[in-house]
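Hi there,

Here is the structure I promised to pass on. Please have a look at it first, and then read my notes below.

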Amino acid sequence: MAKEKFNIIQSTCIPIAIDNCNTDLIIPARYLASTTRDPKFFGEAFMHDLRFDPEGKPVESFVMNHPDFNEVPHKGVHEIIVGGQNWGSGSSREHAAWAIAGYGVRVVISSSFADIHRNNLLNCFVLPVIVSKTFQQELFDSIEQNPRMEVKVDVPNQTVTNMTTGKSEHFEINSYKKYCLMNAYDDIDFLLANKDKIEQFELSR
């Protein structure tokens, strides 16, 4: 997974309006047997069985194959997913978070997340943002009207803004995870950054 500092992310979005989108849809079970940690491998598996038919041909009716949304995410383009309710339900497989991160997504917005999947996303440097159902639907409506509309996620101030309507909502995030995202730290990086303090504490005991 890419470690990149979080500050303000402003991007177009991929709308995946599937309620109860479970981890088996996010990444099919057959990919779990792989021993690789290559982000590209898991990114290509993201939503694979909805994106492609059994012969490997793109399913034209699926949103990620629509010309407005089939670009691989990069800086400022499709770094945000707006998902349906209860995103990441089902099994607790960490691979689902690997797939989202490997595809290039940095933020997933939904009105609710499965708890384990939400934590897995944070550990993979993907920010899960919980908004009201009303705001979630407004985002879907704005994207439908203009697929190139942008959403701004301000991590320091914990706000998400629909740049078309100007409406914003505040979102919650654990203060430790917020600090880690803003400094591109995983748990080990955090400990290493505080190595001197830890050693001083040990000496004082």
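A pocket, on a 1 Å grid over the protein atoms alone, is an open set of points with protein on both sides within 12 Å along at least five of seven lines, and its lining residues have an atom within 4 Å of a point. This is a predicted model, where local features need pLDDT of at least 70, side-chain atom pairs count only at pLDDT 80 or more, and totals for chains, interfaces and linings use all residues. Residues are numbered from 1 along each chain as its sequence is written, and side-chain values use heavy atoms, with hydrogens and water left out.

Now to the pocket. Lining the largest pocket you will find Lys40, Gly43, Glu44, Arg51, Phe52, Met64, Asn65, Asn70, Val72, Gly102 and Tyr103.

Next, the salt bridges. The structure holds 9 of them, each being a side-chain nitrogen of Lys or Arg within 4 Å of a carboxyl oxygen of Asp or Glu. In one, aspartate 49 pairs with arginine 30, with the closest N and O atoms 2.7 Å apart. Aspartate 49 has 41% relative accessibility, so it counts as partly exposed (buried means under 20% relative accessible area, exposed over 50%, partly exposed in between, with a 1.4 Å probe and protein chains only).

Glutamate 55 and lysine 57 also form a salt bridge, at 3.6 Å from N to O; glutamate 55 is exposed, because its relative accessibility is 66%. Glutamate 138 meets lysine 167 at 3.5 Å, N to O, in another salt bridge, and glutamate 138 is buried, at 14% relative accessibility. Finally, salt bridges with shared partners join Lys3, Asp186 and Asp189 into one network.

Happy exploring!

How values were computed. On a 1 Å grid over the protein atoms alone, a cavity is a set of points where a 1.4 Å probe fits but cannot get out, and a pocket is an open set with protein on both sides within 12 Å along at least five of seven lines; lining residues have an atom within 4 Å of a point.
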